[in-house]
Structures are given as structure tokens and as C-alpha cells.
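Reader: I have the coordinates open and want to go through some local details. Can you walk me through them?

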Amino acid sequence: MKRRDTGGSALNRARKLGFSFDGRALTGVEGDTLASSLLANGVRLCGRSFKYHRPRGVMTAGSEEPNALMEVLRDGAWHPNIRATMQELHQGLNARAQNCWPSVQCDVMAVNDLLSPFLGAGFYYKTFMWPRAFWEGLYEPLIRRAAGLGRLPQSHQGAPHEKAFAFCDLLVIGSGPAGLMAALVAAKAGADVILCEEDRQMGGRILSDMAQIDGGAGADWAAGVLAELESLPNVRLMPRTSVFGAYDGGVYGALERVSLHMTAPGRTPRECYWRITAKRTILATGALERPIAHPDNDRPGTMLLGAIASYWHRFAVDPGRVVVFGNNDHALAKARALAADGMDIRAYIDPREVSADTPFKTYQGEVIGTRGRHGLHSVTLRHQGREIRLDADTLALSGGWNPSLHLACHMNGRPVWDEGIAAFVPRDAMVPGLQVVGAAAGIFSTHGALDSGARAAMQALDALGMHATPPDLPQSEDTPYAITPLWQVQARGRAWLDFANDVTTKDVAQAAREGFVSVEHMKRYTTQGMAPDQGKSSNMGALAVLADATGGSIPGTGTTTFRPPFVPVSIAALGAGGYGPSFAPQRFTTSDAQTRKMGAPMIEAGLWYRPSHFPRAGDRDWRCACNRETLHVRHAVGVCDVSTLGKIDVQGPDAARFLDFVYTNTMSSLKPGRVRYGLMLREDGHVMDDGTCARLSGQHFLITTTTAAAGEVMRHLDFVQQAYCADWAVRLISVTEAWAQCTIAGPLADELLGHLLGDLPDLPFMGCAPVTVGGVDARLFRISFSGERGYELAVPARYGADLYRHLVALAEGLGGGAYGMEALNVLRIEKGFVTHAEIDGRVTAFDLGLQGMLSQKKDFIGRAASQRPRLTGPTRLQLVGLRAVDPQSEITAGAHLYPGDKPAKAAYGQGHVTSVCYSPTLDSWLGLALVENGRARHGETLRLDDGLRGIRADVEICNPVFFDPEGGRMRD
Amino acid sequence: MIKLKETSAVAQLRLPTLTGCTLRALPPVRITSIAPYPGQMDALRAHLGGFPAPGEVVTLQGTDLVWAGRDLAFAFGADLPDGLDAFCALCDQSDGWCGFALEGAGAGALLARRLPFDLREMTAPASARSVLDHLPVLVVRRSSDRFEIWVWRSMVQSALARL
Amino acid sequence: MRLPCPCCGWRDLREFTYKGAADALHRPAPDDASGWDDHLHNRTNPAGETRDLWYHDPCGTWVCVTRDTVTHAVISGVPLEGAR
């Protein structure tokens, strides 16, 4: 193998590129792929196979490559399983062979090859069965170490990737003659066209063969069409883009290699994961050439004939002395053409009778073996009962062509067998809106490709309601294609089907003998087609061998299921923009900057970020701060930003009636200026959410939801309104974002507000009123989630930051201060107030002791189901309080509760702990729990067992309201 | 007696530099949501002088009525006539939303990459509700290469990171 | 997957939240116990055409979608008033 002196349509020879392979400094030129530059440098051995560690070389020139998988250094880490055929060469590219040690030339695991008689299909299943005790400790680590192709980088990979959407009228996948013709016809008619091509260059097979179109070189015709497409504003050409999956609704997944060909891509995304939505799609992905399973067909130097032609024409790679082994008319015609172009073709071998009118010797026969330790030296063939050995550098195989119909089968459509071309072809309408053209449809002539491309475009335009006149097709060859299938050569020695996973014809036959006669079972037993190439070049051969072994027909045996992705897709591209701070949207309150300035660690609450606590100098840990903040509220005054609670504005003549329907209790009786606690159920009778409902005026309510359930409640209310009472005059809109709202709680709350408002309105507990604060219209609610006298003050969000600053300063002046989520949690546990730790989707109003809130006088969402027998009664887990018997003994949420004399087994479980805190007010660990028949068991002692954290403690069941059970502190 | 000061949600932010278009924060504007009650649409239209159908933007004497959801329009700008509340629910949304203008020849192409709906269907002036990578957005197309993107105040930083 | 919103036209699945079968549109009478059992828990799970409910989060419209569970074809999407 070497570089030819002339030619190479893809190359810019003026620009030399230095790169390295396995530590060797080599030189390629601009336009090379890693594969073509290795071949041009005479490197044939470029990897080892998966199981037997056999030497492997480049076999194809496209994304279907099973052999030349290597590691490439990108962004400081070695990335495995890079197909050398798809990696464009760039200055400084650093690649190395994988699956070998210490080197690709001398790989100690190649001993597996000598053991191959023992390593056939199902080796692992049979060998690592006994004894059972060895499964996890011995066998699994052993197998894991040997398994897998390549090794992933072990560090976090932070290189930028992108995700993007695109929409078009017509998506054309593949830019060979059929795809180009289709895109041109549709684009000229005005359709928005996206043309995707896997390769760097558009043109498909035209770039690699010498097809004549319109009396000139096909490549010239393609260049003309591309120039025209490029000039049209309604066309987007997307080279380096593999469409990898077809999904419902005309959605296609595609992977664009944006900067993997650059030496220093910087912040340019490495790849872009596209979701393309197309009204119509034309699949013009061509066909993949098949190898032939003959003994020792895996030796480096054995390549597909079409790939050799591609390397010859596009990359000026001279394959040296070539022997061609084919079984179809294309193979012979291509051999002739390549010989005429100067390739040193020594012989053409075909099991069919071949005319001798060729510039090279022809043999009717088969290849039955090859020789050469790290690369092919000679080919042995069988001809008229004799064995003949021919010296050769390259063996070119052509076993026929498989239409690349994968995408057409992604929605579970099954292709049909075409005896004429001995291949599966797509049926119509396997994917709605998708038409298959050209070689992908089994139409192999250039004329056929152009014609089917044009026709499909006309049909697509028709479906889009656009009109065009049929184009005049350029002149091109329309020769028929004839093939005599040859799936395996019957001779001694191992003949490979799946080169990446080392599956031979013998493995498939053995699978069939052992009962794995279904193609899906054979695949899993032998691992046929399960390597990164997903059997693109081998599945067809394997199922033919299986059909032969079982005495069935090929169409009767059928294909395995085609699933996305068509080519490997990096997780980094699929997850682009979805890690770190971009993992989910972040929501910040208006007090966020001030809170952080005060040194508070932030914790996530839904999408929101809220302060955990406010550390001060001398704090031993967070609990010191939490205790201080709790006691501020109990003894002075505390301030907390509660803007994250969902706020929904409900208005209209039917607003009260609507709220009666969605809350379990009655809101229509609420007087303007008053607030009521409300409970919402799901229709299945379980609690959905709780919150407050304030009547601002006769037809105007403001309701609140918990922070995490705000979206769910909005969806639910919209549903009830649109499904059951669309004609009621009520409208809902979220105002969560519009208002900043702060709690002021504690015995000194009135004093603080007096300073702020000057004139504090005389609000009763659960009252609300409009107020003016600092010249701004605001809303004041006298409600409490802490059990202290408390208010919530709401201002338009633009004033939120300033309000919070003032409130904190005033509170600090009164001996209190800001409090965070930890203190908020302690305060509410001390009062037995529930959150979604208790409202976990499985509890009923009865469970929480709130059955009194279920109105008997009206229908409401969840009423009927809440009355079902098993949703109430002593078998239910009921809300209780827990006190640690030793008040200083820590208890934990999530722990389970058992009778003291019973083991921690599910059968004895009495319930579980939902929330805990250390209460500085009561100087004790407290908890809330859901306990079977709990309300009747106050005073009973249970054992708390947290197996996960190793915590055990005795706890006493009690009233969940630990502090001020009469509620005088907040009410009076 | 104190006087509360306004804080801008966008003034402190560094806006990303984009190629082919410019991004700038829009000044705060009065936004009132208008949600007509069932059966009141015609009366409301008569009273207001118009009301946007889904996807529409209607301009009335300096006030833009932008379709913003089911049975919902946002009035951007000047005061609304009195007496509307007989036909619809009105709610001040001025503080809930932050707007950005995206302008330039590349604005449409950039947005089209980021939004999961077919931007070709928006013929200016037009509005659409969608998501920007899970963030709710209101997109208003003012002309072929001028867009407004409105996002929730609390999500401004996340929204910018996604452009 | 793409679904039709009566307000916004065809939109990507990511903009929708699924609820369940369109059975939810018909609430039984408050005292119809067995009716409620069916309403809450029993679903026909058809192979073929089915109607289910989706919320288009961006615009707040609930949509009754008719689709085919075998072919994955989405046939129509209408607002709930038109679906009952």
C-alpha cells in the first residue's frame, strides 16, 4: 500500500499533515481520513479483534467499518472505538490501536486465537456456570476485564457539545446520485430542503466510482448540482451529518461532527445532536457491500472492492497487487475499470463462469485461504479442483450489495427479500412520509438512482401541495445487475462473519445445532452484529449461514430488528448542555444575591435555590445556625423569603364556585379580607397539595401551593376547569413570578411591621389586606407556618430584593434575623405542619387527621374516592409525632418503625419516619411519622431502625403538634 | 419611613455575545394579562377594539395585545380602557416576565436551533408559547429578523445560558 | 413524537404532559360506587385507536388526542369541550 503519485479527488496535497499512530510519526495530507492516511503510509495492521485478538486492518471506507476501531486523543483523553474511516485527519492527530497489549504487533491476548477451539459460541455461558459462589467474586471481574472493545476515559469529559432543532419540508438523507437528484428537484420547486451526508464531501458513490453522467464525469455533474443547491436560500446542506434514527411524527435524529476534524477546536462544539422534523423524507443512503465468508478472510489487506475503489479515486491509495473475489456483475465491471485506470489487478475469482476477455487473469472458483502474519501475503484459491496460490498485497471482496435500509425499518417495518439482487429491500410506507430511493431501494444503476430520486421528489412535492414539472434526467448507465449469492466458501478453516466481535460461520452453525435457530436467539448467543458496527457488513451473511444450517430459506429466517442508532452516538452529544448548572433550569428568588452575600449555603427546592441557614462566626456547624434562627422566631422575630410558593390568581363570577369544587373544604363562605387553609385531593381520594386561599375581593382569590407542586396544581386546576366546567366564568393565572413574598414571624412581628408600615392594620389571624410599604402597593396576609404570630408581606418582584434587605435589618435590630430552610423545617415540625415529606402521594386526608376538612355538603374533586372503605380506618398509616425516648438520641427520616421485641423485618413494620429535627425549643429530637393506626397509639414506644445509616433508637408515639397545641401563640 | 427601591433582574447580567445577531434586554414594561370569560369574547373585542387569536399580535393605540396562551393575551404598554373586568380577568404580570430582543440576520437561524417548533410558521407579527430547553418562553416575532423572547423573572440566568 | 395542540398546532412531545385515558372526562355520579371504581382504575388498553389526554404546558391547553397504539399514528387533537 502506498500513495499514488497523482489523483485523489479528496486530497489537497499541498498541505501536509503530521499525525501519529501508536507513537509513530506519520504524514498525511489535507482531505485524508485517518484510515486513508494509514493505508497511504503502508500501515495495514491497525487493531486487534475482540475475542481472539486477531490482527485487523481497514476493511471499508465508511461508517460501517467493523475493523479499524482505534483510540484517538481528544481533549486530553483517549476516546475508544473511533472508526478510522470516519475520523478526518488533522495536524497533530494522535491515534493508537486498541484491544492489544503491549502493542498491536505483539499482543499477548492473541493466545486466545490458539485457544479458539474452546472459545466458540456460548463459551462464557457454558464455562462460568459452576460453582455458583464464583459468579460475583471471581467470574464477573474476570469477564469484565476481558470484555468490551476499547476503554472509556475515566475522567469527566467537559468538551462542548450542542443540541439543536431543525424543521424542513423535505429531508434528504444521502447525497449520492439519487439524493442529489431528489434534493435538486424539490429545492427548485421551492421546498425547504435539508440534505444530510455522512461524509465530509457530498456526492456519495459518485466520488468513488467512475460513473458517467450527462456524458461527463459523475463528479462534475455532482459538483454542478451542489453549486446550484448551495445557491438556493431554501436549501441547507449538512455534510458530516449521520442521520441515525427515524422516530414518530417525521422526527429524525442526526449527529453532526462539527469540529472533530479540527486540531484546536476550542469552544466550538465537538458534535451537534440534531432533531430534524421533516414533513417528508427521502432515504437515499445507498448500499453496503458484503464481504464473503471464506477461510482467513479477516487478514489485514482483505478489503471490500468498493472501498478499494474509493481509496484509489478519492485518496490516491495504491493497494499494490490486488486479487479480486466477487460473485456479481458490478465486481467484474469495477475490476475492469480499476485495471484500466492503472491498478495492478492480478486476478479475478468468481464462482460463476466469467468471460476471459479481461486484462487480468480470471478463475472460476473460490478463495479458500490467505497467508501473512500481520497482513496478507498471498491468496489461495480453488479452481477446477486445484489449489492455486497467488501472491497479493490486497484481497478485494465483493459479495454483492445490501441496500442501506436501516432507517426505513426503525419503526418496526420488516423488509422483503428480493431474489434478483439477493438482498432485502424496503417495502412502501414502512415509515410514514418516508420514501426510499436508489441503491437503498435496491435500484443499483445510475439511471435508476437518478430516476427514482426525481420521482420520489415529485411525489413528496405533491404531498406537500407544491407543484413542479418532471425534470429531464441526465444520461447515465442503466446496466442490469446479476448476482449468484455466495454466503460461505466450503473449505477448511475459520471464515469470519462479524469481524469486530469475532463471529465465524462455525459459531453460527453451532448456535443452530444447540437450538438457537431463531435469528434473534442466534444473534444473542453468538454476539453476531452486537459490536459498534451493529453487523452492517455481517448480519446478512450470518442469517444466510443460519438459514443454511437450519435448512430454512433466507426470507423465512428473517432479519434481526433494526433499531436506532444507525451509527454510534456519543453520550456527550445526547446529553449536550444537560450537566452541571444546565442540568435543569435554575430559579432564583429576588433575595438570592443578598442571601448569598450573607454567606448562606443554598439548597435546591424543586428548581428553586433557597438558603439553608445563615452561618455566623463561631458556629460549630449548621445546626448552631439552625437552632439560633429557630429561637429567633420563637422569642423575637425571623424573616424568610417564601416567594417560591406557587401563587395562582383566581378571578371571575364563578371563582368561588370553582374553588369549592377543587378544595375539599368550602371557600365560597370565606369573607373578603380573610384567608383559609385548604386541601386539594386527587380524584383517587389522596391528598394532592395543601395551601392557603385568600379572598382579596368578592370575585378575586389568591391561592398558594407548595413550592414543588406548583406546576402540578396549575395543570390540575386547568384540567378541572377545561374538562368539567369550561362554561364557568373563572380564569386562573400564575402570579408566582410577579410577587416577592416574605414571612415575618415571631412575638415581635408586629413591632417589626410597625416600623416598616408605620400604621399596621389590625388584621385578625387568617386575615389579609392591601397595604402600602415604602411607597409600593403590597399585600399583607396574617398567616403562620411557624406557629408564631406571623405575617407574609408580598410586593411586586422588582421590590423584592430591597424589601428583604429592610426586613432582615429590622429583624436583626429586634434581636432576630433571617432564617433558612432548616429553621423553617424545625418550626413546622414542632407544630406538626405537613409538607410533601408527609403528603407523599399515598396519604389521604384521614391519614393526616384532616378528615374534618372533607365537606359533607358539596361535591369536590376526590370526594367519592375519599369515602372508599380502605382509605380510612385503623389499617391506615396515620400521622403521628415521635419523641426520642432519650431526647439527645438522633433519629432519622426514612427510618422504619418496629415493635421493640420484633426484628427489623418488613412483616413487623409499623410505619416510617417522614421528617425529623432537633428542636431547640423543646431540647429534644422530634419526628413526624406515618404509623399504622397511629392516632390510637399515642404513648406507645416503638423501635426506630435506620439500617442504611445504622441508627437505632426508641421513640414514643405522640401528638404531632409538639409545641403550643392550642395554637394561642399564632392566633391571639 | 423607607422608600422601596427597584432591582432590575437583568441589569447585572452579562449578555452572551452571539454571532449574526445581537441580544439586548428590553426595558421593563407594564404587562397586563387579559383572560376573557366564556361567551364574552365578542363583547371584549368590541370594547377593546380587537383581541388576538392564537399566535396573533394585535396593535391598538400604542398597546400591543400579544396572544399568550389559551384564552389569554398580554397587553404590553399603555393603560387599558376602564370597565374591561366585566368581560375578562385582568392581572398585572409586569414583574413576572423579562424580555430580550434578538435582532439581526442570524436571529431566526439561532432561535430555530434552540426552539422545538417550526419557526417558519411564525410570520411577523406573531407570537408563540414554547419551551427553551424546559424553560417556558413567550416568543414574539416583530419582523423577519427581530424577535422578542420573554421568560420568567426567576429563570433569566438559565434562559440566557441556553441562548 | 408530535402532537397537535388546538391553539399552537403540531408540537414536539417535550412540550406536553400526559394524564391518561380520556375516560377521565366523564365523572360518574357522586354515589355511583362501581362507576367510580371503573372511572379511576379500569382501562381498556386498546390495540388500535385510543383517546387520551395531554396538557400543552406552554399555552395551558388540555388536549384530547386520538391516536393509534399499533401504528403510532396521531389522528387528531381537540380541546376538551369538543371531546366530551
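Author: Happy to. Cys917(A) is buried, because 24 other C-beta atoms lie within 10 Å. Keep in mind that this is a predicted model.

Reader: Which strand holds Cys917(A)?

Author: Strand E48 of chain A, residues 911-919.

Reader: And what does Cys917(A) touch, leaving out residues up to four places away in sequence?

Author: Asn825(A), Val826(A), Ile829(A) and Leu926(A).

Reader: How far apart are Cys917(A) and Leu405(A)?

Author: In sequence, 512 residues. In space, 62 Å from C-alpha to C-alpha.

Reader: Now Arg74(A). Where is Arg74(A) found?

Author: In strand E6 of chain A, which covers residues 69-74. Arg74(A) has 18 other C-beta atoms within 10 Å, so Arg74(A) is partly exposed.

Reader: How far is Arg74(A) from Ala159(A) in space?

Author: The C-alpha atoms are 9.0 Å apart. Along the sequence the two residues are 85 apart.

Reader: Switching to helices. At what angle do H10 and H12 of chain A pack?

Author: About 45°, with the axes 9 Å apart. H10 spans residues 505-513 and H12 spans residues 539-550. H10(A) and H12(A) are therefore oblique to each other.

Reader: Is the crossing of H10(A) and H12(A) left-handed or right-handed?

Author: Right-handed.

Reader: Which residues of H10(A) and H12(A) meet?

Author: From H10(A), Thr505(A), Val508(A), Ala509(A) and Ala512(A). From H12(A), Ala542(A), Val545(A), Leu546(A), Ala549(A) and Thr550(A). By class, that contact has seven nonpolar residues, two polar ones and no charged ones.

Reader: Backbone next. Which residue other than glycine has a positive phi?

Author: Arg240(A) is one of them, with phi near 55°. Arg240(A) sits in the loop between strand E13 (235-238) and strand E14 (241-247) of chain A. Thr527(A) is not a glycine either, and its phi is positive at about 70°.

Reader: Where is Thr527(A) found?

Author: In the loop between helix H11 (519-526) and H12 of chain A.

Reader: Why does Arg240(A) count as buried?

Author: Because Arg240(A) has 21 C-beta neighbours inside 10 Å. Thr527(A) counts as buried too, because it has 20 C-beta neighbours inside 10 Å. The cut-off for buried is 20 or more.

Reader: Why flag those phi values?

Author: Because most residues other than glycine have a negative phi. Most peptide bonds are trans, as well.

Reader: Then which peptide bond is cis?

Author: In chain A, the one from Pro564(A) to Pro565(A), with omega near -5°. Pro565(A) lies in the loop between helix H13 (554-557) and helix H14 (571-574) of chain A. In chain B, a cis bond joins Ala124(B) and Pro125(B), with omega about -5°.

Reader: Where does Pro125(B) lie?

Author: In the loop between H2 and E8 of chain B.

Reader: What is the radius of gyration of chain B?

Author: 16 Å. A compact globule of 163 residues would be near 15 Å, so chain B agrees with that. Along the principal axes, the C-alpha atoms fill a box of roughly 50 × 45 × 30 Å.

Reader: What share of chain B counts as buried?

Author: 45% of the 163 residues. As for contacts between residues at least 6 apart in sequence, 60% join residues at least 24 apart.

Reader: On to interfaces. How many residues of chain B are in contact with chain A?

Author: 34 residues of chain B, against 40 residues of chain A. The elements of chain B giving two or more residues to that side are strand E2 (31-36), strand E6 (88-92), helix H2 (107-114) and helix H3 (156-162). By class, the chain B side has 15 nonpolar, eight polar and eleven charged residues.

Reader: And how many residues of chain B are in contact with chain C?

Author: Eleven, with eleven residues of chain C. On the chain B side, strand E8 (residues 126-132) gives the most, with four residues. That side divides into six nonpolar, two polar and three charged residues.

Key: Residues are numbered from 1 along each chain as its sequence is written. Chains are lettered from A and ligands numbered from 1 in the order in which they are written. This is a predicted model: local features need pLDDT of at least 70, side-chain atom pairs count only at pLDDT 80 or more; totals for chains, interfaces and linings use all residues. Axes are lines fitted to C-alpha atoms, for helices over the stretch in contact, and angles run from 0 to 180 degrees between N-to-C directions. Angles under 35 degrees count as roughly parallel, over 145 as roughly antiparallel, 65 to 115 as roughly perpendicular and the rest as oblique. A crossing is left-handed if the near helix is turned anticlockwise from the far one by less than a right angle, and right-handed if clockwise. Two residues are in contact if their C-beta atoms, placed from the backbone, lie within 7 Å. Ala, Val, Leu, Ile, Met, Phe, Trp, Tyr, Cys and Pro count as nonpolar, Asp, Glu, Lys and Arg as charged, and the others, Gly among them, as polar. The radius of gyration is taken over C-alpha atoms; the globule rule is 2.2 Å times the number of residues to the power 0.38. A residue is buried if 20 or more other C-beta atoms lie within 10 Å of its own, exposed if 12 or fewer, and partly exposed in between; C-beta atoms are placed from the backbone.
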